[in-house]
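Subject: Structure for your files

Hello,

Please find the structure below, with my notes after it.

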Amino acid sequence: MRVLGIETSCDETAASIVERDAAGHATILSNIVRSQLDEHAPYGGVVPELAARAHVSHLDHIIAKAAEAAGVKLSEVDAVAATAGPGLIGGVLVGLTTAKAIAAALNKPLVAVNHLEAHALTARLTDGIAFPYLMLLVSGGHSQFVLVRGVGDYERWGTTIDDALGEAFDKVAKLLGLGVPGGPHVERTALGGDPHRFAFPRPLLNQDRLDFSFSGLKTAVRLAAEQHAPLTDQDVADICASFQRTVAEIVAARARSALERYAAAFPGEPRRLVVAGGVAANKAIGAALREAAAGSGAQLIVPPIPLCTDNGAMVAWAGAERLALGATDALDIAAKARWPLDSADMGLDHAA
Ligand code: KG4
Ligand code: ZN
């Protein structure tokens, strides 16, 4: 089956056509992403209203490009999938409404996809892995461990109680006067810095839970920057390197605990940790996670970065996985700003 996937929940306008064969094998026929980075850059962050308007302006064209690149007419797809939440509600509405219109006009089933589920199932698209597995989602909006038991079957084991990890990178970059998005700038700047010059706090790490907290760390970075102002380039590099080392250690320590819990819950099962979200691109965090996984006897799976960040292929794939199990949605399904993965309406029996 071929599924068109539409993603508009944040600042990427994306569309893709993915094919899933009867054995569950995936082929990405096209994957078109238009980033709105330049539109939001002057404001230092994503402006929801601007994002929604940009999605309106570009989505039709991005979908046409996805069809053309795949060599498939829209009338030849078997279903239309779109992110229905969580995310910036204006953008989600644009994508979901467009998907409904295409589905209605072409008489195709609609699949309303949870954006977090799309991230969670990406490792099955790229690596064909079986259930269950553990996912760490670290993006600009989310930092969470999720047990993935099956399609529609998730258990959140931990989340951030304040900032998301990507958000912490973005805020640190902003207060140090680096560019947007912050993560890649902090990582690049950290290359020339001393990761041990500053000892930043590790909130919650002494507690027996799998949650994160990054806002205190961000405050500590701000205080250090104020204390040493005016900052030399070396100071900035040292702060970036020390911040990055600290978050890498926090994430790795949490991953170790999560894998311990996983091993206890699934004795005898292969241990797999899947990383998703834009922060997965960070090499220091990747190295710390690799070490943590190896120490816990687990396989670390990091999909190619363009499939870790927001894209239409993951939405098409999640749509295909749900469709293969007979789950489609009614055309009156609502967009949701909030939609936790472990909420009751994630299950397959809630579909139309
Ligand atoms: O998944 P994503 O593209 O968008 C969503 O948030 O949904 O993630 C973007 C986030 C931003 O906060 C960005 O600063 C962060 O991922 N990021 C990174 C790196 N590349 C992107 N953080 C740390 N190191 C990186 N190399
Ligand atoms: Zn995302």
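This is a predicted model: local features need pLDDT of at least 70, side-chain atom pairs count only at pLDDT 80 or more; totals for chains, interfaces and linings use all residues.

Asn107 is exposed, with a relative accessible area of 71%; here exposed means over 50%, buried under 20%, and partly exposed in between, with a 1.4 Å probe and protein chains only. Asn107 sits in the loop between H3 and strand S5 (110-114), where helices (H or I, at least four residues) and strands (E, at least two) are DSSP runs numbered from the N terminus. Its phi is positive, at about 55°, although Asn107 is not a glycine. Leu204 is another non-glycine residue with a positive phi, near 70°.

Residues are numbered from 1 along each chain as its sequence is written, chains are lettered from A and ligands numbered from 1 in the order in which they are written, and side-chain values use heavy atoms, with hydrogens and water left out.

Most residues other than glycine have a negative phi, and most peptide bonds are trans. Two cis bonds are worth a look in the viewer. Gly85 and Pro86 are joined by a cis peptide bond with omega at about -10°; Pro86 is in the loop between strand S4 (79-85) and helix H3 (89-106). The bond from Ala229 to Pro230 is also cis, with omega near -5°, and Pro230 lies in the loop between helix H7 (215-227) and H8.

Next, the strands. Strand S7 (residues 143-150) has seven of its eight residues buried, so it is largely enclosed by the rest of the structure. S7 pairs in the antiparallel sense with strand S6 (residues 133-138) over six bridges; two strands count as paired if DSSP finds at least two bridges between them. A hairpin of four residues connects S6 to S7, and Val138 stands opposite Ser143 in S7. S7 also pairs with strand S8 (residues 153-159), again antiparallel and over six bridges. In S8, Thr159 is the bridge partner of Gln144. The hairpin of S7 and S8 has two residues between the strands, and Gly152 there takes a positive phi near 80°.

Now the ligand. The shell of ligand 1 holds 19 residues, of which Gly140, Asp170, Gly183, Glu187 and Gly278 come nearest; a residue is near if one of its heavy atoms lies within 4 Å. By class, the shell has five nonpolar, 10 polar and four charged residues. H5 and helix H6 (182-190) each supply at least two residues of the shell.

Several atom pairs can be checked directly. A polar backbone atom of Gly183 is 2.9 Å from an oxygen atom of ligand 1. A backbone N or O atom of Gly278 is likewise 2.9 Å from an oxygen atom of ligand 1. From the side chain of Glu187, a polar atom lies 2.7 Å from a nitrogen atom of ligand 1. Taken alone, ligand 1 exposes 550 Å², and the protein buries 87% of that; these areas come from the Shrake-Rupley method with a 1.4 Å probe.

Last, the salt bridges. The count is 19, a salt bridge being a side-chain nitrogen of Lys or Arg within 4 Å of a carboxyl oxygen of Asp or Glu.

- Glu167 and Lys171: the closest N and O atoms are 3.3 Å apart. Both residues lie in helix H5 (residues 165-175), four residues apart, about one turn of the helix. Glu167 is partly exposed at 27% relative accessibility, as is Lys171 at 29%.
- Arg209 and Asp211: the closest N and O atoms are 3.1 Å apart. Arg209 is partly exposed at 31%, whereas Asp211 is buried at 17%.
- Glu249 and Arg245: the closest N and O atoms are 3.3 Å apart. Glu249 is partly exposed at 31% and Arg245 buried at 18%. They are separated by about one helical turn, being four residues apart in helix H8 (residues 233-265).

Elsewhere, salt bridges that share partners join Arg149, Asp153, Glu155 and Arg261 into one network.

Regards

Terms used:
A polar contact is a pair of N or O atoms within 3.5 Å; within protein, one must be able to donate a hydrogen and the other to accept it, and residues adjacent in sequence count only if both atoms are side-chain atoms. Ala, Val, Leu, Ile, Met, Phe, Trp, Tyr, Cys and Pro count as nonpolar, Asp, Glu, Lys and Arg as charged, and the others, Gly among them, as polar.
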